[in-house]
Amino acid sequence: MASSATILLIATGCSVPSDTAGGGDSTAAPTREIKKIFFSNILPSYPPLAEADKCFLAEAKKLGIEASTSGPTGLSTDNAKSIDLVSQAIATGYDAIVMQPIDKAQFTPVMEQAQAAGILLATMNTGDTTDTQDFTIGTDYAIQGATIGEAISKRSGQQNIGIIGNAPTGTHLLFTNGVKDGIESQKLDNVKFIVDAFDDGDPNKTVDVVNQMLTAHPEINVVLSWQGLSAAGIMTAIKEKNAGGKIVGVTNDVTPEVAQGIKDGILFGTSKQNFCQMGIGAVDNLVAISKGEKVAKAIDSGITFVTKDNIDKESN
């Protein structure tokens, strides 16, 4: 191989794209052959992102591309660490970068720096929180919001939703708008968004934040979050309220803890995101752009909404 392009992949356990329909295409003049990829996984200990790791590496190997992954220990997002890894990749001379820019203000400067260096940019599971990338791949928030709203509407009685997120901007805002739009577009009269609350993306704070939200808004009977790592805190807070099934959680991703929560009735359901397809698609679409092929600006990797009815199938 005479010439090469390399890729840095940044990801988290959060959810993504909000608009895959009509988003147009990305094209590029043919560039050098991609032969080396680096995946910087922000939460490699989180099971769904461990799956993204596995599928990313397998796809790169299948295409004959050298690939490696790394990331911090622990289960708290670290934007500063992610940005530092991107900066290192730019300095090292990578030709393509995939990242998870949860917050536009924090990530835009480093993304613009990469773009100015002629580096291909893609984002994973954050939708249109930023607009510098060549394409984004992940969960479509509009589709997810409509799916969640419809599922919740099948519960008996009025369903009042409180949403837990990291901050009122970026990915959280896209997700919340997707839920609101899904409720409105489907005329779900028994489903209502009440309020959102924020745990700074720190699962150690989730219990307190949920308790405070439920105390301030006792009408809430559905606690929803796009943050997979909020599931444990949501379940603990519901148990502490001793709600007797009156309050349920709705989460993202299928982990052993979430599966048990659904079986126990503490969680009503969860959105199973396709992190494997995100890992595969990130590789495939960057390779396609490097060859001058058209790629959709927003690529939906799909979700499956999981309840007691299909948890055994979807947790295997």
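Me: What is the mean pLDDT of the protein?
Reply: pLDDT is the predictor's confidence in each residue, from 0 to 100. Here the mean is 86, and 90% of the residues reach 70 or more. Over residues 1–7 the value is below 50, and this stretch has 28 contacts (heavy atoms within 4.5 Å) beyond near neighbours in sequence. In this predicted model local features need pLDDT of at least 70 and side-chain atom pairs 80 or more, while totals for chains, interfaces and linings use all residues. Residues are numbered from 1 along each chain as its sequence is written, and side-chain values use heavy atoms, without hydrogens and water.

Me: Which strands stand at the edges of the sheet?
Reply: Strands (E, at least two residues) and helices (H or I, at least four) are DSSP runs numbered from the N terminus, and two strands pair if DSSP finds at least two bridges between them. This open sheet has six strands in the order 9-8-10-11-12-15, with mixed pairing. Strand 9 (191–198) and strand 15 (303–306) each have a single partner strand, so one side of each lacks a neighbour in the sheet. Strand 8 (residues 159–165) runs parallel to strand 9, joined by seven bridges; Asn160 has Lys192 of strand 9 as its bridge partner.

Me: How much space lies in the largest pocket?
Reply: Rolling a probe the size of a water molecule over the atoms shows where empty space is left. On a 1 Å grid over the protein atoms alone, using a 1.4 Å probe, a pocket is an open set of points with protein on both sides within 12 Å along at least five of seven lines. Grid points are joined across faces, edges and corners, and the volume is the space filled by probe spheres set on them. In this case it is about 270 Å³. Of the 22 lining residues (an atom within 4 Å of a point), Thr77, Asn166, Asp200, Gly201 and Gln227 are the closest to the centre.
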